[in-house]
Amino acid sequence: MEKGKKSMNFSAVTLEQFVFTMAPLIDMEKEAEISASITSGASRNLETAQKRGSTILNLKCVDAQTGLMGKSLLEFQSTKGDVLPSHKFGTHDVVVLRPNKADLGSPPLGQGVVYRLKDSSITVAFDDIPEEGLNSPLRLEKLANEVTYRRMKDTLIQLSKGVLKGPAADLVPVLFGERPPTVSKKDVSFTPFNSNLDHSQKDAISKALSSKNIFLLHGPPGTGKTTTVVEIILQEVKRGSKILACAASNIAVDNIVERLVPHRVKLVRVGHPARLLPQVLESALDAQVLRGDNSSLANDIRKEMKALNGKLLKTRDKNTRRDIRKELKILSKEERKRQVLAVADVIKSADVVLTTLTGALTRKLEGTSFDLVIIDEAAQALEIACWIALLKGSRCILAGDHLQLPPTIQSVEAEKKGLGKTLFERLTNLYGDEITSMLTVQYRMHELIMNWSSKELYNSKIKAFSSVAAHKLHELEGVKKTSSTEPTLILIDIAGCDMEEKKDEEDSTMNEGEAKVAIAHAKRLGQSGVQASDIGIITPYAAQVVLLKMMRSNDDKLKDLEISTVDGFQGREKEAIIISMVRSNSKKEVGFLSDRRRMNVAVTRARRQCCIVCDTETVSGDGFLKRLIEYFEEHAEYLSASEYE
């Protein structure tokens, strides 16, 4: 084992070593997820589970609707107030619904998938509306997603057998360093579909089109990575390629779909319709199937089901309810049967199939191979998850940025042993510039916000596009020029203001004084005319998020102010970002604040203003953060937190 363990530090890992190392780590990660979900410890009490974020107690059902494919969408809100308690539920998590006071092991009312999340409500898609109990208090519990792990395991088994045949037979040796990557001899020229591409995007696309097996697109914050991915897809379709486009998250897949739709490409989005953005539903496999010959029948069936669902909610009589259910079951079976037939046709005729990485192992794609597999946000995906998609094609392009957030891993031990090392990073180390292009023009940030990140992480290679290089907050419509909106960078120092950090019951850190200052700055921006929806507060600690949300709920003007951990903001931007660093202690302990990837993401979410609230004495104990503070001290408006009290 020693040998296998050691080799994971190097980029040239053999296929055998990879399989040997990963198999136990996937099990470890699965165990960690199961123990984080509530089902594991039937003896654990519910209050603890709610604190850990794996259950939400005291819910009421406020709405029921019929979604795509005859699913029922139920919306839940808290019976205790406006905001849901802090939780770890995400869209597409599998959840069970139980009566609020039911024992942990008791049979659930239903099992579904999280469809939509707001601060005050959670909407879940169920196959069937639960029979009983919707009128009394409820709770939702998060389940571990067994399917994902099973698919990873199956893919490892496939890899371990040695992929001698199949679409990826020639690709696998290149990705494990046994054969060098190849490029077509002549430069590929192309006519862009998007006339606004910059020189670094055009170079990258040209290099991607001429790659024979592997190409990496490195997209630092705000550089238009997805724009470039979309152009590559369009160029490849024009060449006649059949493409599988994937990403680790549903939102990232949907972003690509959304941008491809106007180009009238024959595309299909495979996935659970409960997990899609409304504007993408038209492209969903199920929606296309519904437009097939059987669609008007399926549609009539759905109308009938909708009427029955409505009846079901109103009916108290047991026998009537039973009859309605019976009928719903028959109708639902009939609807599904009609769709299965049409699925194969839709996939066959599509030029681009889009899905999440684990979604690529769906039965619907069995036996379909692709000329090209493109993975966006590849630096946020586990390597083994990438292989689920990669085994279906002979060429691949990975787009991402290994200097932003890594994949989320529950098991500390699995992370230590290399589960979190991504294929993107491994190939960057293995082949470097030979197969990589970095995008170098960013379209989001004022130069001062960008320069720190460019110098600290990207060898000072990033340039700001002219229209954003000097843009200010007070240039937004309706915003006045004030001492709050004039600066691009603001540093609010809580050192010496007696604002110590505290721990909550779950050992997450919070800082009440600092939270008040962050909210106070957001209010000042609001008073100067900045829309609350243009402001975001980012903090690394879950306890601080909860505290800030509670403070926000006291002021109606702030209801659209977004507050989240760094992870919730990945891939997105706001006009103004306020970062609450939380840590303030005499030992200068900074915890995971010192992870440069997280701080990179936090700072680079800001378009026109970035404000850091921190205890400069505490955070300067870390070399990386010290350079960040020094950069802000040199270029930012420096204020003491006492000016906000």
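Does Arg269 count as buried or exposed, and what is the relative accessibility behind that label? Arg269 counts as buried, at 1% relative accessibility. The structure shown here is a predicted model.

**Domains**

- The domain assignment divides the protein chain into domain 1 (49-147), domain 2 (163-266 + 351-439), domain 3 (294-347) and domain 4 (445-643).
- The centres of domain 3 and domain 4, taken over C-alpha atoms, are separated by 50 Å.

**Salt bridges**

- The count of salt bridges comes to 29.
- Arg269 is joined in a salt bridge to Asp254, and their closest N and O atoms are 2.9 Å apart. This pair links distant parts of the chain, since Arg269 is in strand S9 (residues 267-269) and Asp254 is in helix H8 (residues 250-260), 15 residues apart.
- Asp254 has a relative accessible area of 0%; because buried means under 20%, Asp254 is buried.
- Another salt bridge brings together the side chains of Asp170 and Arg179, at 3.8 Å from N to O. Asp170 is exposed, with a relative accessible area of 56%, whereas Arg179 counts as partly exposed at 42% relative accessibility.
- A network of salt bridges links Arg444, Glu573, Glu575, Arg607 and Arg608.

- The side chains of Lys549 and Asp119 form a salt bridge of 3.3 Å, N to O. Lys549 lies in helix H18 and Asp119 in the loop between strand S4 (110-117) and strand S5 (121-126), so that the pair links parts of the chain 430 residues apart.
- Asp119 counts as partly exposed, at 32% relative accessibility.
- Val546 also belongs to helix H18 (residues 542-552). Val546 and Val83 are 463 residues apart in sequence, yet their C-alpha atoms are 9.5 Å apart in space.
- Val546 is partly exposed, its relative accessible area being 28%.

**A covered helix**

- Helix H12 (residues 383-390) is mostly covered, with eight of its eight residues buried. Among them are Glu383, Cys386 and Trp387.

**A negative patch on the surface**

- Asp300, Glu304, Asp317, Asp323 and Glu327 gather on the surface in a patch of negative charge.
- Helix H10 (295-314) and helix H11 (318-349) each supply at least two residues of this patch.
- Asp317 is found in the loop between H10 and H11. With a relative accessible area of 41%, Asp317 is partly exposed.

Conventions
Residues are numbered from 1 along each chain as its sequence is written. This is a predicted model: local features need pLDDT of at least 70, side-chain atom pairs count only at pLDDT 80 or more; totals for chains, interfaces and linings use all residues. Side-chain values use heavy atoms; hydrogens and water are left out. Patches are made of residues with over 30% relative accessible area and no salt bridge: like charges are joined within 9 Å, nonpolar side chains (Val, Leu, Ile, Met, Phe, Trp, Tyr) within 5 Å. Accessible areas come from the Shrake-Rupley method with a 1.4 Å probe; for residues, only the protein chains shown count as cover. A salt bridge is a side-chain nitrogen of Lys or Arg within 4 Å of a carboxyl oxygen of Asp or Glu. Lys and Arg count as positive and Asp and Glu as negative; His and the chain ends are not counted. The place of a charge is taken as NZ of Lys, CZ of Arg, CG of Asp or CD of Glu. Helices (H or I, at least four residues) and strands (E, at least two) are DSSP runs, numbered from the N terminus. Buried means under 20% relative accessible area, exposed over 50%, partly exposed in between (1.4 Å probe, protein chains only). Domain bounds come from an automatic or database domain assignment.
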